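Here is a briefing on strand pairing and charged side-chain contacts. Please look over the model first.

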Amino acid sequence: MSIVVVGSVAFDTLTTPKEHRARIQGGAAYHFAQSARFFTDVKVIGVVGNDFTAEHEATLTKHGIDTTGIEHADGLSFHWTGEYKGAMSEAITLNTELNVFGSFDPKVPESYKSSDYLFLANIEPTLQLRVRQQFPDAKLVAGDTMNYWIADHKANLLKTIAELDVLVINDGEARLLTGEHNLVTAAKKVMEMGPKSLVIKHGEYGATAFFCDRSFPGAMNTVPFRAPALPIEEVVDPTGAGDMFAGGFFGYIASQPELTPRVFRTALFYGGVMGSFAVEKFGSERVQELTREEIEARFKLFREISHLDLDAA
């Protein structure tokens, strides 16, 4: 099964407590695709400028990622400049240059429309909805957003959220979206907006999935499920880790014949695995060199740190 992802394909300039790196490849759709491609076929919809060369595109195509949907426009690509300090738990935005991304009008190639899985990465809500409407028969649709769209474009965002099967956001965004501090209460309110399931990311503390009676056909278990994060000794660059999480999570789901509670819970672990690799080097550098064997070894480690063996010494 293939996934279509729509979102930003960009360049990032980053400063961390230890290093400065200029114009490395990034963007929500880019990071998502680099992660999800380990599990299934991925097709990208985005826009880039003249500064996005054949060598840049090859970092996607050499891994089998379909870039037919990446439009090449006259101008410069989206460029984000940010800085991390201290524990690097949150990025400080220094500059955002939308460039050609500012007039992005997603175009869905005909070859993409038969895909069963759609992920709407963090872009303007009306664009997300426009793409969503071109996949009326999609088997599963998931999406992401951010505090800016929640605060300033909530009416349009709610229209998009109503068309999602799964919403993937962080805990701060869940609270902002619903006005509820308690995440259990917030999750219930989000699912009343339309999504059948909700994944709330907690950064270095893992992720929690919330369910309702619409989450799985015939299944009545709506108990939340918490997946851990792997303690990392040295975080080099957390940029894109949330998108890599989403790619691993949704990529695994798309690789399975049907969506069951077990598949959903397992997908959370694979999301955590991909997010943990993402932070070990700048941008997608670690994931570019990653192997499926390494992924499975770390998945096993995730299981070990979260499984209570009552018979162990």
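In which sense do strand β6 (residues 79-83) and β7 pair, and over how many bridges? The two strands run antiparallel, joined over 5 bridges. This is a predicted model: local features need pLDDT of at least 70, side-chain atom pairs count only at pLDDT 80 or more, and totals for chains, interfaces and linings use all residues. Residues are numbered from 1 along each chain as its sequence is written, and side-chain values use heavy atoms, with hydrogens and water left out.

**Sheet**

- β3, β2, β6 and β7 line up in that order in an open sheet of 4 strands with mixed pairing. Strands are DSSP runs of E with at least two residues, and helices are runs of H or I with at least four, numbered from the N terminus. Two strands pair if DSSP finds at least two bridges between them.
- The edges are β3 and β7 (92-97), each pairing on one side only.
- On average, neighbouring strands of this sheet are turned by 20° against each other, direction ignored. Axes here are lines fitted to C-alpha atoms, for helices over the stretch in contact, and angles run from 0 to 180 degrees between N-to-C directions.
- G82 has T93 in β7 as its bridge partner.
- Strands of a sheet pair through backbone hydrogen bonds, either parallel or antiparallel.

**Salt bridges**

- The whole structure holds 17 salt bridges. The criterion is a side-chain nitrogen of Lys or Arg within 4 Å of a carboxyl oxygen of Asp or Glu.
- D51 and R23 form one, with N to O at 2.7 Å. D51 sits in the loop between β4 (41-48) and α2 (54-61) and R23 in strand β3 (residues 20-26), so the pair ties together parts 28 residues apart in sequence.
- D51 is buried at 16% relative accessible area, while R23 is partly exposed at 37%. Buried means under 20%, exposed over 50%, and partly exposed in between (1.4 Å probe, protein chains only).
- E180 and K189 also meet in a salt bridge, at 2.8 Å from N to O. E180 is partly exposed at 23%, and K189 is partly exposed at 33%.

- E296 bridges to R292, with the closest N and O atoms 2.8 Å apart. The two are 4 residues apart in helix α11 (residues 292-306), separated by about one helical turn.
- E296 is partly exposed at 28%, and R292 is partly exposed at 31%.
- Through salt bridges with shared partners, E280, K281, R286, E289, E294 and R298 join into one network.
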